[in-house]
Amino acid sequence: MHDDNDRRTQPGEGARSVSEDSSRAGWLQQARSYLRHADPVLARLINDRPDFDPRAWLAQLPPMDLYGALLFQVTGQQLSVPATRRILGRIEALFGGHLPSPAELLGVDPGRLREAGLSWRKISTLRELAERLSDGRLNQDVLSTMPDDALMAELTAIPGIGPWTVQGALLIALQREDVVLPGDLALRKAVRAAYGLDHLPSQQEVLAIADKWRPYRSLATSYLFSAAFEPAEVPPVARLGSAGT
């Protein structure tokens with residue numbers, strides 16, 4: 001974080017920020033308008049939340065690059081929110097108050113990660129990912145520029161990383177605009193409530209409903225989480241510990 005003096009030493013930053021804010025506001029207006037016309041259920045959710053900021057929950061998370069977001073997601077697999085938070089806190093403490101880089105994770109005794117609360121399977125997954133990022137088989141900068149489907153294929157080739165894990169990272173680290181998490185139990189429950197279904201929708205049913213949201217499925221998903229969990233106390237993705245990998 002920069003203090004005020006640091007910020008004043010960067011000419012033009014304020015102008016860029018204003019421009020970025022204006023561009024973001026324009027994108028949100030366009031996306032909301034599209035979703036209102038595409039889906040009457042979302043129209044109601046959007047109209048009920050005029051001040052909703054779909055990125056506000058990101059401020060509740062520690063800074064994360066792609067590896068950090070994948071670590072965050074892997075940690076949360078099959079765990080409750082409190083358990084995930086406790087383990088993440090121990091991991092951060094192990095690395096001086098931040099989530100580790102691939103090299104940092106490989107440099108610590110795996111037993112220390114086990115003591116922090118990670119299962120051996122999750123440790124193996126995170127080490128395998130870290131090794132690929134460290135030896136050049138994978139490159140975070142290259143991965144970050146890949147289309148969603150290509151990135152999904154690349155990362156799910158690693159044992160222990162499934163679609164849910166990558167989808168969360170797409171939202172957190174890369175802020176992709178057209179991501180939906182059909183296998184997430186929290187989202188399925190939110191869809192059931194919002195659409196008045198008499199059953200918990202399957203992944204295919206969620207995808208079918210979400211198809212009309214393209215290319216703004218991330219924003220639509222954020223509104224559904226907001227409707228289901230408001231007032232939000234934890235970020236949506238941090239709640240997603242009940243899905244698979």
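User: Which residue forms a salt bridge with R214, and how far apart are the closest N and O atoms?

Analyst: A salt bridge is a side-chain nitrogen of Lys or Arg within 4 Å of a carboxyl oxygen of Asp or Glu. In this predicted model, R214 pairs with D211, and the closest N and O atoms are 2.9 Å apart. R214 also forms a salt bridge with D178, at 3.7 Å between the closest N and O atoms. R214 sits in the loop between α13 (203-210) and α14 (217-229), and D178 in the loop between α11 (163-172) and α12 (185-195), so this pair ties together parts that are 36 residues apart in sequence. Helices here are DSSP runs (H or I, at least four residues), numbered from the N terminus.

User: Is D178 buried or exposed?

Analyst: Buried means under 20% relative accessible area, exposed over 50%, and partly exposed in between (1.4 Å probe, protein chains only). D178 has 18% relative accessibility and counts as buried. R214 is partly exposed at 39%, and D211 is partly exposed at 45%.

User: How many salt bridges does the structure hold, and which residues are linked in a network?

Analyst: There are seven salt bridges in the structure. E128, R132, D135 and R137 are linked in a network of them. Within it, the side chains of R137 and E128 meet at 3.9 Å, N to O. E128 is partly exposed, with a relative accessible area of 22%.

User: At what angle do α4 and α11 pack?

Analyst: Axes are lines fitted to C-alpha atoms, for helices over the stretch in contact, and angles run from 0 to 180 degrees between N-to-C directions. Helix α4 (residues 66-76) packs against α11 at about 135 degrees, with the axes 8 Å apart. That makes α4 oblique to α11; angles under 35 degrees count as roughly parallel, over 145 as roughly antiparallel, 65 to 115 as roughly perpendicular and the rest as oblique.

User: Which residues of α4 and α11 meet?

Analyst: Contact means heavy atoms within 4.5 Å. From α4, L66, A69, L70, F72, Q73, V74 and G76 meet W164, T165, V166, G168, A169 and I172 of α11. These residues divide into nine nonpolar, four polar and no charged. Ala, Val, Leu, Ile, Met, Phe, Trp, Tyr, Cys and Pro count as nonpolar, Asp, Glu, Lys and Arg as charged, and the others, Gly among them, as polar.

User: What conventions apply to the numbering and values?

Analyst: Residues are numbered from 1 along each chain as its sequence is written, and side-chain values use heavy atoms, with hydrogens and water left out. Local features need pLDDT of at least 70 and side-chain atom pairs count only at pLDDT 80 or more, while totals for chains, interfaces and linings use all residues.

Notes:
Helices (H or I, at least four residues) and strands (E, at least two) are DSSP runs, numbered from the N terminus.
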